[in-house]
Amino acid sequence: MTLADYLPIGLMMLIGIGFATGAMWVSWKIAPNVPSPEKLAPYECGIVPLQEPALRFPVKFYLVAMLFVIFDVELIFLFAWAVRFEAFGWTGIAAIGIFVALLVETLFYVWKRGALDWNVAHRDRYRRVVAEYEDEAA
Amino acid sequence: MSFAVLLTVKVLAVLGLMLGGALVVIYAELKVGAHMQNRIGPYFAGGRFGWAQPFADALKFMQKEDLVPDGADDRVYKLAPYVVLMGTIGVFVVLPLSPRFVARDLDLGAFYALAISSLTTLGVLMAGWSSNNKYSLIGGLRAAAQLIAYELPLVLAVVAVAIQAGTLSISGIIEAQAAPAFSIGELNVALPYILTGQIIGFAIFVVASLAELSRIPFDMPIAESELTMGFVTEYSSIRFAMFFLAEYAGMVSMSALATAFYLGGYQLPGLSATAVEVLGPVIFISKVFLLSFLFIWLRWTLPRFREDQLQSLAWRWLIPAALLNIAITATFKVVF
Amino acid sequence: MDVRVIIFVIFAIAAVAGAISMVLARNPVHSAFGLLMTMFAIAVFYIMNGAHFVAALQIMIYAGAVMTLFLFVIMLVGVDTSDEAEEHIPYQRPLAMILGSGLLILIVASGIQTWVNAAAQTGRGSLGTIENVSDELFGTWLLPFEATIFLLTIAAVGTIGLAQFAFNLRVASGDDDE
């Protein structure tokens, strides 16, 4: 395994880029290009958008990304164990068993804290608002 | 010099076959989907059965005006389709179509394939953010959250395969499936992993790759009825065609990975080594099309999930199931 | 000239250019892509030094996962709000210069002993395969390996704490969504 083994990857990428760029060049040659303010406006069913698209997002997206990084790192260790499975035998299973047990514990903790629950109807604030609304209606 | 020529020919052949496969899958999507809904589907392009419809579509896309919307981040907007396409065709390098017909079999092939395909997430985020459109941004973030959540079960399913095969090289995994699973008298019977203990792993892999491809029932990122077209809303002309091609090329590469991991790749039980050498590519591509048909079938059968059900399925069901699958595989491997 | 040296120089320039553009870019998203370029170049360096597993890991963890996290956070906060030029930490610039030059001195001091010479690495091509890495990991470094899971658990707890999740045990422990 040397650098030459990775040559096909570079070649594949280069050919791919060449193919895409060639297609783009052809398109650039044969396609019309008459932009107008209406065409360049953001797609909004014909109405000019009133606000910038950068809006505030639920923090859950951040949580998923962070948990993904954490779990991804843990998965790498599983790969390291999997390829030497036969050589390590029971020792490896014991070592990875402790590891996976704590991984499952982490998952369980996250689960119980509700971080994996994306359903709005399950959230405290939502339920409070609904309850207030129902009180007022009553 | 002949080394370089041979390498170029191999790479071109693999790329051509896989992208050709993607075109066939695009056609199959139109035709099969139509027949599942009692429609006829493409009929005129190319004469018989509308076989030239994908080419006609490509030509149509090329003739359309290529627009970069006002306020869009020009460079990122133009780079995004390339990143998505690279993340998809990078996988082709390690796919073995027969024992010798492979661009390059890496020792870490399976791992590399998963790593390079995770670049798609970046491309999707780039497309969504740079378009300066709220549908694009919401679609891009949804897509990224979905792709990363389902990458975990996907990778975990491959860990179980790696344990059973003892290697991460994709050719190695296919060869391991050619080893006899059991013997009846003199007759050695070799079975693919889907029949020898990886049925749960296969199910997890297929569900997770459906989500990775953002296909129905996991198509919230491009939910037409709510988000117009998600992160590709603002894309037109050839750039849209590149996303489109990447989607179907991704379907082919995911099917090909599932074929290699679970369906025995270019092997077929009962075929001799010489026959595999010759028929390998045909067998491999047939299996890829079979799996692609499964994906198409699921698309035209199931309704869309809700966003919270999607995350719930990944974290609460697939990841525990995949961990359990690893435990079962490890136990069997040690005991037997 | 050795082809390895040429490749090294190309990717070294890419790495440094990526790092510089990351610092100089006014737009946080462009900064993130500068960082991405540096990460890819570093993955190539790992391969050149025979660390194949670490190279794949670099792509998967840093380019795949960490970059996604960065982009997520940048996009969640909204790029426009972080454009402000005002600095919140006093003495940030002089402090950064002192720390940065200190790091540079450290790198040069340690690097002067074993100067990275791509041509000298031949014959060590298979040192960093996944098998060797896992032998080391499950042999010599078993205890630190087990300790990392605690680190990761703490990270998960910290994430949840940061996100200030209003939790409701009764609901969260419910089976699934209706």
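**Exercise 1. Describe the fold content of chain C in this predicted model.**

Step 1. Chain C contains seven helices and zero strands.

Step 2. In sequence order, the pattern of chain C is α-α-α-α-α-α-α.

Step 3. Chain C has 178 residues, and 25% of them are buried.

Step 4. Take the contacts in chain C with a separation of 6 or more: 62% of them join residues 24 or more positions apart.

**Exercise 2. Determine where confidence in chain C is highest and where it is lowest.**

Step 1. Start with the chain as a whole: the mean pLDDT of chain C is 77, and 76% of the residues reach 70 or more.

Step 2. Go to the helices. Helix α1 of chain C (residues 3-24) has the highest confidence, at a mean of 89, while helix α7 of chain C (residues 169-172) has the lowest, at 43.

Step 3. Locate the stretches with pLDDT below 50. One covers residues 118-123 of chain C and has 10 contacts in the model beyond near neighbours in sequence. Another covers residues 166-178 of chain C, with 20 such contacts.

Step 4. Decide how to read these stretches.

Step 5. For the complex, the predictor reports an ipTM of 0.82 and a pTM of 0.87.

**Exercise 3. Characterise the side of chain A that touches chain B.**

Step 1. Count the residues on both sides: 49 residues of chain A are in contact with 60 residues of chain B.

Step 2. Assign the chain A side to helices. At least two residues come from each of α1 (7-30), α2 (37-40), α3 (60-83) and α4 (85-112) of chain A. The most come from α1(A), which gives 15 residues.

Step 3. Sort the chain A side by class: 42 residues are nonpolar, four are polar and three are charged.

**Exercise 4. Find which residues touch the most other members of the largest nonpolar core, and trace the contacts of V159(B).**

Step 1. The largest nonpolar core has 187 residues, and those touching the most other members are V159(B) and A162(B).

Step 2. Identify the main contributor: helix α6 of chain B (residues 134-165) gives the most to this core, with 23 residues.

Step 3. Check chain C. Domain 1 (1-81 + 116-121) and domain 2 (129-172) of chain C each supply at least three residues to this core.

Step 4. List the contacts of V159(B), leaving aside neighbours within four places in sequence. In chain A they are L75(A), L78(A), F79(A) and A82(A); in chain B the contact is I326(B).

How values were computed
Residues numbered from 1 in each chain as written. Chains lettered and ligands numbered in written order. Predicted model: local features only at pLDDT ≥ 70, side-chain atom pairs only at ≥ 80, totals over all residues. Contact = placed C-beta atoms within 7 Å. Helix = DSSP H or I, 4+ residues; strand = E, 2+ residues; numbered from the N terminus. Nonpolar A, V, L, I, M, F, W, Y, C, P; charged D, E, K, R; others polar. Core = buried A, V, L, I, M, F, W, Y, C linked by C-beta atoms within 7 Å. Buried ≥ 20, exposed ≤ 12 C-beta atoms within 10 Å, placed from the backbone. Domains from an automatic or database assignment. pLDDT = per-residue confidence, 0-100.
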